[in-house]
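Hi there,

Here is the structure I promised to pass on to you. Have a look at it first, and then read my notes below.

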Number of protein chains: 2
Amino acid sequence: MPWEKSFDVDVALEKAMQVFWSKGFDSASMANLIEGTGINRGSLYNAFGGKQALFVKALLKYDRENRAATLAGLEALDEPSQAIGNFFDNIVASTIADTERKGCFLFNTVLEYGSHNAEVNGIIDNGLREIEGFFRRSIEVGQARGDIRQDINPESKAKTMLALALSIRVLGRGAYTRAALEAIATEAKQLIQ
Amino acid sequence: MPWEKSFDVDVALEKAMQVFWSKGFDSASMANLIEGTGINRGSLYNAFGGKQALFVKALLKYDRENRAATLAGLEALDEPSQAIGNFFDNIVASTIADTERKGCFLFNTVLEYGSHNAEVNGIIDNGLREIEGFFRRSIEVGQARGDIRQDINPESKAKTMLALALSIRVLGRGAYTRAALEAIATEAKQLIQ
DNA sequence: AATTGTTTGTACCGATTGGTTTAGTATAAG
DNA sequence: CTTATACTAAACCAATCGGTACAAACAATT
């Protein structure tokens, strides 16, 4: 009978994700993806299908391993307002550490919202909803404990926090300095004060 | 002697701007630009140079006629806090009215910050600085008049407002509903309360 | 009518795009 | 050894990319 697959599909997907992440869907060519993954052209098509299918798999992987994992870690914290504070500390730290200026794969893809298929839009919708939900739940729990003022609207505050998170990562790709990003993060944290 | 130019260069540039605006630099092909402007291939190269040069001229035109003109109108208002309020009312209204979901040409280009030349980056830097300056000056004037609280930091508040404006236009390209955008705009206005 | 320079349409350039196919090779199980 | 499978390398496909070249049509001045 045949042999087992000789290259690690998940490792290849990880590398493909990095290519899409740093270049975006359109600018990433199959040649880039072949070079980035290190596997053969035919093998890549055989294992993942075409460019679009590979992009979906890469975005799903990012959503699962970065977005979802990060939120799960933060939501496990006892203190809701600290979870929110950590979120913004993390996002600024990630942006500063991101010397390649790739930004956030999910947020980058929001900008391409119109140019993708329904499946990609669904991943984006779900990801944004989850981030917003994290903020909203954190605020609600904080309010229930009396740590956060009752007169703030969890829904709109959560949307505003998501908006600021998005901008931090977008502006952090070159337009804004570290100090400016930190100023925005500080303002974001003060939204629940 | 020869004749005068038979097509209006500025009209053609306006149309080219629309193409770049709705598709972005990479996705806009020369074929799109030729079709969009309605002028001949050779004439386009003769009048504007290559694709990159045309993009710079289009972005400059947008920055002058949209970004700068809008800010000048708002800054002429007597009431600073109303100017800020109008800014966010306008940006939400523009986003809702934008059925093609083109977003803001300037903000869209921020996302491509790394992939352009220094001239484009300069236009972006200047545009963002001007928007931020509008917010900062409005806050400072309001504070001088006693209409806005003294304990808020004009610098960081202005950066936060720019961040929210950017997100409204980005999320307005499909990911967020009108109600969500209005919620963010409301929160933005409340930053100076 | 001759001249001058702009327009247009089209052909063309080399390079690259996403994607397919083919030939050959390596590795396993029977 | 045969057979079945998965790999690699490369050729190959039609289409498109940004950009150039060129001849013909055109309009205004002399």
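B:Glu112 counts as buried because it has 20 C-beta neighbours inside 10 Å; the cut-offs are 20 or more other C-beta atoms within 10 Å for buried, 12 or fewer for exposed, and partly exposed in between, with C-beta atoms placed from the backbone. Please keep in mind that this is a predicted model, in which local features need pLDDT of at least 70 and side-chain atom pairs count only at pLDDT 80 or more, while totals for chains, interfaces and linings use all residues. Residues are numbered from 1 along each chain as its sequence is written, and chains are lettered from A and ligands numbered from 1 in the order in which they are written.

You will find B:Glu112 in the loop between α6 (105-110) and α7 of chain B. Helices here are DSSP runs of H or I with at least four residues, strands are runs of E with at least two, and both are numbered from the N terminus. Leaving aside neighbours within four places in sequence, B:Glu112 is in contact with B:Gly24 and B:Phe25, where contact means C-beta atoms, placed from the backbone, within 7 Å. From B:Glu112 to B:Gly24 there are 88 residues in sequence, yet the C-alpha atoms are 8.7 Å apart.

Now for chain A: it has nine helices and zero strands. Of its 193 residues, 42% are buried.

Finally, the two chains touch, with 30 residues from chain A and 29 from chain B taking part. On the chain B side, α8(B) gives the most, with 11 residues.

Happy exploring!
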